Amino acid sequence: MSHDLHKIIDPHLHLFNLQHGDYGWLKQQNPPYWPDKHLINKNFVEGDLVLSPRQQLAGFVHVEAGFDNQQPWREIDWLQQHCTLPFKSVAFADITAMTFREHIKQLKQRKSVVGIRHILDEQATEILSATLIQPHFSLLADMAFSFDAQLSLADTRAVELLIALANNHQTVPIIINHAGWPPANKDNNGQKNWLVSLQKLAECENIAIKLSGWEMLNRAWQVKQLEYVLHHCLTTLGDKRVMLASNFPLCEFSMSYSELWNTYMTLPEITPNTLKKITCNNAKEWYHLP
C-alpha cells in the first residue's frame, strides 16, 4: 500500500432509491423549497461515492433519508442488499411515538443498524422534553444503539435538555449532526451560544460531533468557516470526539464528493495523526465499523 493513500470512513451520507422509497422532502411541491433541489432528486448508489486516487473509502455510515418513516427497516433492507463496502446504518425512528419500541426491535434485527436519528431542529425543545423521551432513551441503551441528534447548538434550552439526557443515559452515544448548525456571523448571540454549548457538551463523554452540511448553511461556503468550526470543536472536545463527514449527495450543491474530501485532507495546521482520527478512526470507533 502506498504511504500516501488516505483511508476515509465517511460517517454521514445518504443514498437514494427513488423507485422504492418515499423521500417526500425531495419532491418539488414539499419543503424545503430550494431552487436547486432538482439536482439531487435522483438515485444515488454506493458507486457514486468517488474519491480522488490518493484516497480510499474504507467504509461509511448511512444516515436515514426519509425512505419510509412508517417502516424504517425497509431502507435498511435495501442498503444491506446493495452495499458492498463496510457500512453501518443510522435508521429513522420517531423517538416521541408509541411505535418506537416496536420499530427499534425491528431495526435491531438488521445487522448494519447501530443507532437512530430523529431530526430535532426547530422542534428540539419540544421533542427532548416529551414524556416518552426518558423511557425511549433507556430502550436505546438496552439495544446498545446510539442517537444522532440534529439540532442547533445555539438553541441553549434544547442543549440543556440534551445534556440532561446524556447524563441520565451515559451508555448511549449521542452524536451531533452538521456541527450543530454553527452560525456564520461571529458578531451575533447565535455564535456565542454555539460556543458556550460546545463547552457544556465537552463535559459529557458520550457526546461526539460530526462536521458536515456546510452547503446547507451556504451554497458558496468558505473553507475559513470550516477551519473556524473545526478549530473550536478540536480545542473543546479533543481529537477523539470530532468527525469530518460529507452529507453526500447534498454536498454536491457546493462541490463534488472528491473535492470535499480533498478540501478536508489539505486543511492547514492539522497534524497527520489528528487528520487520521477525524477522517477515519473516530467514525470507526463511534459507529462500530469493522
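Predicted model: local features only at pLDDT ≥ 70, side-chain atom pairs only at ≥ 80, totals over all residues.
View 1. Rolling a probe the size of a water molecule over the atoms shows where empty space is left. The residues that line the largest cavity are Glu64, Gly66, Phe67, Asp68, Asn69, Gln71, Pro72, Glu75 and Phe92. Sorted by class, this lining is made up of three nonpolar, three polar and three charged residues.

**View 2. The buried residues of helix α4.** Helix α4 spans residues 133-143, and its buried residues are Ile133, His136, Phe137, Leu139, Leu140 and Met143. When one looks down the axis of α4, these buried residues fall within an arc of 150 degrees, so they line one face of the helix.

View 3. His136 counts as buried because its relative accessibility is 6%, and the cut-off for a buried residue is under 20%. Which residues does His136 touch, not counting residues up to four places away in sequence? With those left out, His136 touches Ile95, Thr96, Ala97 and Phe100.

**View 4. Cysteines without a disulfide.** A disulfide is a covalent bond between the sulfur atoms of two cysteines. How many disulfides does a search of the whole structure find? The search finds zero disulfides. Cys204 is accordingly in no disulfide, and the nearest cysteine sulfur, which belongs to Cys233, is 15 Å away, whereas a disulfide is a pair of cysteine sulfur atoms within 2.5 Å. With a relative accessibility of 4%, Cys204 counts as buried.

**View 5. Cys251 and the nearest cysteine sulfur.** Cys251 is likewise in no disulfide; for Cys251 the nearest cysteine sulfur is that of Cys83, and this sulfur is 16 Å away. Is Cys251 buried or exposed? Cys251 is buried, since its relative accessible area is 2%.

How values were computed:
Residues numbered from 1 in each chain as written. Heavy atoms only, no water. 1 Å grid on protein atoms, 1.4 Å probe; cavity = no way out; pocket = protein on both sides within 12 Å on 5 of 7 lines; lining within 4 Å. Nonpolar A, V, L, I, M, F, W, Y, C, P; charged D, E, K, R; others polar. Buried < 20%, exposed > 50% of the residue type's maximum accessible area, 1.4 Å probe, protein only. Helix = DSSP H or I, 4+ residues; strand = E, 2+ residues; numbered from the N terminus. Arc of directions from axis to C-beta. Contact = heavy atoms within 4.5 Å.
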